[in-house]
Amino acid sequence: MSDLKTLFDSIFTASASLATAPILALGVGLLLLLLCDIVTPLRPARGLAFVGTLVVAAILQARVLFANSAPGLVLDGTFLADPTTALFGLSFLVGSLLAWLYASGYYDEERVLATEHDVLFLAAPAGMILMVGAADLLVFFVGLELLSLPLYALAAFRRSRADSVEAGLKYFLLGAFSSAMFLFGSALLYTAAGSLSLSAIAEHGLASRTALAGIALVTSGVFFKASIFPFHMWVPDVYQGSPTPVTALMATGTKAAIFGFLVVQLMPLLPPSAAPMIAVLAIVTMFLGNFGALVQSNVKRMLAYSGVAHAGTLLLVVPGFLAGADPAAASRAALFYLVAYLFTGTGAFGLLALLEADGERFTSLDSLKGLAKRRPAIAAAMTLFLLSLGGIPATGGFLGKWFVFSVLVEAGWTGTAILGVLFSVVALGYYLRVIVAMYMEEALEGEAAPTTNRTGATAATAVCVVGVLATGLLPALLLGPLGS
Amino acid sequence: MAELLFYLLSLGAIGFGIGVIRTHMPLYSVLSLLGTFFCLAGIYLLAGFPFLAATQLLVYAGAIMVLFLFVIMLLNLGDRDELNRQTGVALSGPRLAAAGICAGLLGLAGLIAAGWGGKVTPTEAVAAGGVDRLNDIAEVLFGRYMLPFEAASLLLLATMVGVMSLAKRQRGEETEAGDTGWPWHKGVEQ
């Protein structure tokens with residue numbers, strides 16, 4: 001028995017508990033939330049339990065960030081906790097809080113299931129934190145499912161609407177397909193390396209074809225979730241059909257978690273010869289996303305295509321890294337891009353949710369015409385988000401793109417970087433169209449003016465505006481803890 | 001001998017798997033699934049994992065299958081025409097092509113892996129650190145893989161809540177007399 005004790009002592013160390021505390025807090029909070037629903041006197045405390053859980057988890061996550069020595073690889077090398085993953089974790093918690101704020105008051109008929117909704121909103125960030133820290137394919141897979149399954153249910157949450165159910169079903173079926181691909185790849189990697197741990201797989205190398213086929217399937221599974229060509233087809237339908245606050249979480253949180261894993265853990269495993277292929281995939285993704293967005297008349301669907309384009313832009317970090325750019329710079333660029341996109345994307349989708357919840361569907365371009373006269377504050381905030389999505393200086397979106405393209409230039413891929421910048425110019429075309437509609441066009445006859453005003457959404461918008469400006473003007477705030 | 005058994009069981013698993021999606025009778029589907037589970041349990045046994053094989057039989061072939069059968073009987077899905085009307089399962093050209101391409105790609109990946117990557121026979125897998133003692137499994141589950149193991153329980157809970165939110169009928173939706181709010185009670189004689 002004593003050898004078992006030494007084994008466990010070596011696994012469950014103080015740094016292991018420090019590293020996993022945020023996930024534990026989310027789990028406990030989730031149970032508390034369920035308890036609040038059962039015990040009638042505790043029912044009014046549900047919102048408090050939700051926000052409190054996220055705050056506690058964020059404090060625990062911040063402890064990892066500011067610890068004197070980061071825990072590093074813990075639990076026998078299955079979970080990584082360092083400043084980068086801690087910053088990712090914090091952004092997930094902030095992201096789900098913002099999306100939740102936008103969701104409060106969004107649903108009218110589904111109020112009965114408020115607790116279920118909140119529980120699923122707590123489970124998703126736990127999965128995201130697991131994914132980014134995963135140094136073992138098994139940990140990543142459990143994290144991925146812990147994120148995806150709640151999102152499948154949330155996508156179909158407005159069951160009275162056919163498009164919502166369709167979104168949930170599509171997301172579920174394609175998600176299951178990508179999970180199967182990922183699992184098949186993991187099995188092949190296990191056959192080759194004899195371990196699921198990423199460090200063991202890296203040590204074994206990709207010399208054998210088994211390992212090569214395995215890493216290709218694993219990467220395909222990851223690209224599926226990250227909506228990279230040719231696995232991007234599901235995005236517009238799913239993003240458009242899902243309830244808008246859920247879309248906000250999907251577009252920003254899921255993307256951040258997947259790219260976090262890709263950049264922090266998976267990227268070093270890829271063979272350098274894959275760089276041109278991944279660059280081509282990224283460029284094609286940007287092309288399809290941007291030109292798909294150009295022809296949309298529904299703003300929500302347009303933002304979905306824009307999300308695809310952003311995934312393509314961000315993916316350019318990977319070939320840059322593989323071609324020899326500084327690894328720290330590459331992961332910093334990805335982190336910055338994702339945090340900036342978190343505030344921008346959540347804000348943009350959230351404002352649509354705010355307008356939409358008014359009973360009418362304020363997601364078409366026509367209904368946004370003349371919005372500046374009717375709701376100047378919303379129009380102004382929306383303009384800021386759209387400019388940041390388009391990459392205009394003084395916003396976080398600009399600096400994010402700047403960092404990504406500078407990684408490419410550093411690696412000597414200037415031509416690809418220029419191509420990427422050109423696509424950003426195309427993107428401005430459809431972002432500006434919305435701004436023009438809001439400010440320079442008259443409202444259509446017969447369109448009811450949106451009147452919604454909700455405290456939660458207003459607060460969330462304020463946070464997003466501050467976030468976009470802060471990442472744009474004071475990037476050192478975010479990059480400081482990483483020790484650049 | 002072991003290799004022959006392995007291929008037989010694999011063929012059986014694939015055959016039953018096709019049976020699950022090819023038959024029009026839900027009951028046959030479930031029974032085919034049962035066959036797949038049995039074949040998989042046999043493969044685990046061959047690979048030197050008796051505990052895993054037993055668990056597979058107990059949990060999947062036992063508990064979960066009974067659940068499936070219950071649902072089928074509660075929903076009264078025995079009628080073939082009824083199911084066809086609901087799901088319209090039919091093999092059309094495009095569907096067949098799509099399935100063929102998928103299966104072909106997966107098979108190709110498997111062939112590449114098996115043909116050029118060096119074969120791993122069940123005996124080698126055991127020698128390379130296979131676990132077949134309960135203690136070993138516990139050590140791995142509660143040691144190295146503590147985090148995913150515990151996270152899986154969170155995952156199951158979240159999934160349960162998600163399924164509830166999708167399946168439960170809400171206030172405001174049309175309810176009939178004697179309706180308990182759960183979809184499978186609709187239309188059942190009270």
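**Group meeting: a two-chain predicted model**

Of the 190 residues of chain B, 14% count as buried, where buried means that 20 or more other C-beta atoms, placed from the backbone, lie within 10 Å of the residue's own. Before going on, some ground rules. This is a predicted model, in which local features need pLDDT of at least 70 and side-chain atom pairs count only at pLDDT 80 or more, while totals for chains, interfaces and linings use all residues. Residues are numbered from 1 along each chain as its sequence is written, and chains are lettered from A and ligands numbered from 1 in the order in which they are written.

Chain B has eight helices and zero strands. Helices are DSSP runs of H or I with at least four residues, strands are runs of E with at least two, and both are numbered from the N terminus.

Now confidence in chain A. The mean pLDDT, the predictor's confidence in each residue from 0 to 100, is 88 for chain A, and 95% of its residues reach 70 or more. Within chain A, helix 1 has the lowest confidence, at a mean of 78, and helix 6 the highest, at 94.

Next, where the chains meet. The contact takes 42 residues from chain A and 29 residues from chain B; two residues are in contact if their C-beta atoms, placed from the backbone, lie within 7 Å. On the side of chain A that touches chain B, helix 6 of chain A gives the most, with 10 residues. That side has 27 nonpolar, eight polar and seven charged residues. Here Ala, Val, Leu, Ile, Met, Phe, Trp, Tyr, Cys and Pro count as nonpolar, Asp, Glu, Lys and Arg as charged, and the others, Gly among them, as polar.

Inside chain A, take helix 5 (residues 114-133) and helix 11 (residues 244-266). Their axes, lines fitted to C-alpha atoms over the stretch in contact, come within 8 Å and cross at roughly 20°. The two helices of chain A are therefore roughly parallel to each other, a label for angles under 35 degrees. Residues making this contact include A:Ala124 and A:Met128 of helix 5 and A:Gly253 and A:Ala257 of helix 11. By class, the residues of this contact are eight nonpolar, two polar and no charged.

Last, one residue. A:Phe229 lies in the loop between helix 9 and helix 10 of chain A. Why does A:Phe229 count as buried? Because A:Phe229 has 21 C-beta neighbours inside 10 Å. Beyond its neighbours within four places in sequence, A:Phe229 is in contact with A:Leu281, A:Val284, A:Thr285 and A:Leu288.

Note on methods:
Buried ≥ 20, exposed ≤ 12 C-beta atoms within 10 Å, placed from the backbone. Axes fitted to C-alpha atoms, helices over the stretch in contact; angles between N-to-C directions. Parallel < 35°, antiparallel > 145°, perpendicular 65-115°, else oblique.
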